[in-house]
Amino acid sequence: MTTLPLRTSLFRQALARTDGPALGTWVKLPAVESVELMALAGFDFVVIDLEHSAMSIETAFHHIGVALLTGVSPIVRVPALDGGIVQRLLDAGAEGIMVPHVDTADQAAAAARAVRFPPRGTRGVGSTSRAGAWGAVSREEYLRYGQEEVVLIAQIESAEAAGNAAAIAAVDGVDALLIGAADLSTSEGKTEAHPDVVALIEGAVRDSLAVGVPVGNAGGAAASAVQASADAGYAFSLMSNDASMLGAAAAAAVTAGRSIRARSARTTDSAQTAGGER
């Protein structure tokens, strides 16, 4: 019988591949079908976004369950560090937690403590939750998974954070960094393409990789965006989000549909053209 959680996290498996960056997308819509569709599309992971959406923890709980059963890794971005919320999401079966606006090693250490069990952290034991397969796996396996498989991703979203990237990445319990280029550039009052912002990001990526911690980014839903991510050294990349991809597909469909004219209109146009030629 297959039980959840899996013995090895899907996210770590995707990171271990050498054929290109692990691919994910943000999930902002509250419908569980969105996660199912992302899994069917072939994404390696989804980041259920509780920072920039109105979704509740209960909605995230349902998303996580669908993700695990369809074979896509569920990561949850929390709106801010809150040990109680982190614990509930991990017991709901999340494979990882993403924490925004981590500017210092001390903040990273606080996040790591919230994610890990004692003695490494302060997470409480709830092995009869989904994370413990509702009690179907042993307490020892539940604890092992939480200590060894669950991932903590710290977001680098300011010049201060970029300058501290090596120290943040070196914190025990931090498994990856995600560069938040939009917030970083906005905090500097510059565009993402500005040389100063580019230098900050390149430095953060270089410093994190130097201590052996993978780095990810968020980009567009195009091969060129993923190629740029791979060339920059990113080990994982978020391609757009479910809402934007739905909107883009809908807009493309309407544009295609509006390009077709009714038969009566075509007949009238033909007649007018023929009349003009006489």
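Reader: Which residue is the bridge partner of Leu178 in β7?

Author: In this predicted model, Leu178 has Gly216 as its bridge partner in β7, and the pairing of β6 with strand β7 (residues 215-219) is parallel, over two bridges.

Reader: With which residue does Ala154 form a bridge in β6?

Author: The bridge partner of Ala154 there is Leu177, and strand β5 (residues 151-156) pairs with strand β6 (residues 176-179) in the parallel sense over four bridges.

Reader: Which way do the residues of β6 point, and are they buried or exposed?

Author: The general idea is that side chains in a regular strand alternate between the two faces of the sheet. In β6, Ala176 and Leu178 point one way while Leu177 and Ile179 point the other way, and all of them are buried.

Reader: What do the strands form, and how do they run?

Author: Eight strands make a closed barrel in the order β1-β2-β3-β4-β5-β6-β7-β8, with parallel pairing, and from one strand to the next the twist averages 25°. Helix α12 (residues 242-258) packs on the sheet, where it touches β1 (22-27) and β8 (236-241), and its direction makes about 50° with that of β8.

Reader: Why is Arg77 classed as buried?

Author: Buried means under 20% relative accessible area, and Arg77 is therefore buried, because its relative accessible area is 5%. Arg77 lies in strand β3 (residues 73-77), and its side chain makes a polar contact with the side chain of Glu51 at 3.2 Å. Not counting residues up to four places away in sequence, Arg77 also touches others, including Trp26, Met98 and Gln155.

How values were computed. Residues numbered from 1 in each chain as written. Predicted model: local features only at pLDDT ≥ 70, side-chain atom pairs only at ≥ 80, totals over all residues. Heavy atoms only, no water. Buried < 20%, exposed > 50% of the residue type's maximum accessible area, 1.4 Å probe, protein only. Polar contact = N/O pair within 3.5 Å; in protein donor to acceptor, adjacent residues only side chain to side chain. Contact = heavy atoms within 4.5 Å. Pairing = 2+ DSSP bridges. Axes fitted to C-alpha atoms, helices over the stretch in contact; angles between N-to-C directions.
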